[in-house]
Amino acid sequence: MTVNVKPAGVQRPRVTKAAQLRRLLTSSNLEFLMEAHDGISAKIVEEAGFRGIWASGLALSAALGVRDNNEASWTQILEILEFMSDATTIPILVDGDTGYGNFNNARRVVRKLCQRNIAGICIEDKLFPKTNSFIGEGQPLADVDEFCGKIKAVKDSQTDPEFSVVARVEALISGWGLDEALRRARAYRDAGADAILIHSKQRTADEVLAFKREFGDAAPVVLVPTKYYETPTDGFRQAGISTVIWANHNMRAAITAMREVTRRILREESLAGVEESIATVKDIFELTGDEELAEAEKRYLPSPKEGTQAVVLAASRGMALGKLTEGKPKCMIDVRGQPLLRRLVTTLKEGGVRDVTVVRGYRKEMINLPGIQTVDNDLYASTGEAASLACAMDRIRGECVLAYGDILFRHYILDRLFAASGDIVVAVDALWHERTMSHGEDENWVRDFVFCSRPFSTNYLDDDPVVVRRLDSDLAEDEICGEWMGLAKLSPAGSELVRNELSAMKTDGTLQRAGLPSLFSRLAERGHEIHVVYVAGQWLDVDTATDLTQACEFL
Ligand code: SPV
Ligand code: MG
């Protein structure tokens, strides 16, 4: 029995854009190219189901607000073509006007088009700078031999063997008649053109169909029925035409739509009247492939730590800062143009924390930053940090960061907490003594000192876990191993331990006045290990005016 399955790893050979266009030009069916003039219109052409794009010189120029007279340079056009090509998978036939100069300019253009995966170029037998075919009468034509040389030069220069060169005959446009058109078309075919575009500005297709009858199948024949649009398309099919170009209709449709909407908004001074009739913003996202970016972000960006929470304690006023906290809580004090809390929240989110809950109290309405959730401790004036934390009890779940609302620290400290083992991990500054020295005397300065199982060591091999014995603002100097930064990380089990301890404190009546040091000390006394990550400075808190000055310098 034969099983018709493609063997794993065997890919269907990719048909290049140049090969796709060549197939359209040489196929026995009538094919169509639709005008586009930028990335989005090119996408719309592909989305509609067209198998090829006409990058119209008229429409590209118009989109830039210039005339179809080579006012935009070929490199400016090339830039847009690159966007159009990158945005689509179907081939683009570029309207290359006269080739932007002589054979030498034209071959340079073609090399660049091949580099950008453009499938073909159409060049017309007029003079540079060109004039649109529908303007004026008797436009001068290029010398036949000169134009044949140009065709040969571009065919010799294409780096993709299936790139197509369409030679456009303007003899009928310029009033030279059928014989001249045929003479030219045959010469261009002999010079190597892959197809002939016979252009006409008559209201009927009579002259282009007469051309086709005489020219026969000497080369694929391409039409642009802009002026003879009333001719039934089947007529082209029966005549054996290769390809029809709908040359400028997206640009014209866009002009009509933009005019209508712009004028209406001006008149009505409102968007209400147009909203229903225009593309949605979501349409724009879809057309430009936002979904792919979202997928790619999942693949390539570091994933936010699954469900990591943070609870930030920001209920207190910060009396020691005096006038500065008269109208707002300490965490909202401006530090170099941003509230302290905003900087902290940014650090947490950049570190992979998904949800940040801020416990508010004093002047709570002032804490209104985007991207945070809030809970309130309305008894902030008579309660301490443990009571504030208990207000966020249901947010202490899974992996959770606890932070004072007045600290700033370098990102890597959070990374180290996440990397550390242990259900409860606290960041402890071993350089507490240096902080004392640089801070100077200040009786309002309350610090959370830590007595640990082992002091900080610089010994590289010494990596046994260090645990907290006691956390207190009132330790004997020889017991102090460091200062707690006001930053801790809880594992899911650690979150549960903290919730249970807060409930126990509520029951035994100690919750209201306790600080977080007592919470951790209680847990340590019960035999739960509180792991220490030693850091060496690189953080600060803002308790006093001196701290505020240092915070500005820190940034
Ligand atoms: C274009 O679309 O720019 C063309 C076709 O060259 S036409 O405007 O009909 O000449
Ligand atoms: Mg043109």
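Helices α6 and α7 are roughly parallel to each other (angles under 35 degrees count as such). In this predicted model, local features need pLDDT of at least 70 and side-chain atom pairs count only at pLDDT 80 or more, while totals for chains, interfaces and linings use all residues. Residues are numbered from 1 along each chain as its sequence is written, and side-chain values use heavy atoms, with hydrogens and water left out.

Two packed helices are described by the angle between their axes and the distance between the axes. For α6 (residues 144-157) and α7 (residues 178-191), the axes come within 9 Å and cross at roughly 30 degrees; axes are lines fitted to C-alpha atoms over the stretch in contact, and angles run from 0 to 180 degrees between N-to-C directions. The crossing of α6 past α7 is right-handed, the near helix being turned clockwise from the far one by less than a right angle. On the α6 side, the contact (heavy atoms within 4.5 Å) involves Val144, Phe147, Cys148, Ile151 and Lys152. On the α7 side, Glu180, Arg183, Arg184, Ala187, Tyr188 and Ala191 take part. By class, the residues of this contact are seven nonpolar, four charged and no polar.

Attention now turns to serine 41. This residue belongs to helix α2, residues 39-48, helices being DSSP runs (H or I) of at least four residues. Serine 41 is buried at 5% relative accessible area, the cut-off being under 20% with a 1.4 Å probe and protein chains only. Leaving aside residues up to four places away in sequence, serine 41 touches Ala36 and Asn250.

Methods:
Chains lettered and ligands numbered in written order. Helix = DSSP H or I, 4+ residues; strand = E, 2+ residues; numbered from the N terminus. Buried < 20%, exposed > 50% of the residue type's maximum accessible area, 1.4 Å probe, protein only. Parallel < 35°, antiparallel > 145°, perpendicular 65-115°, else oblique. Nonpolar A, V, L, I, M, F, W, Y, C, P; charged D, E, K, R; others polar.
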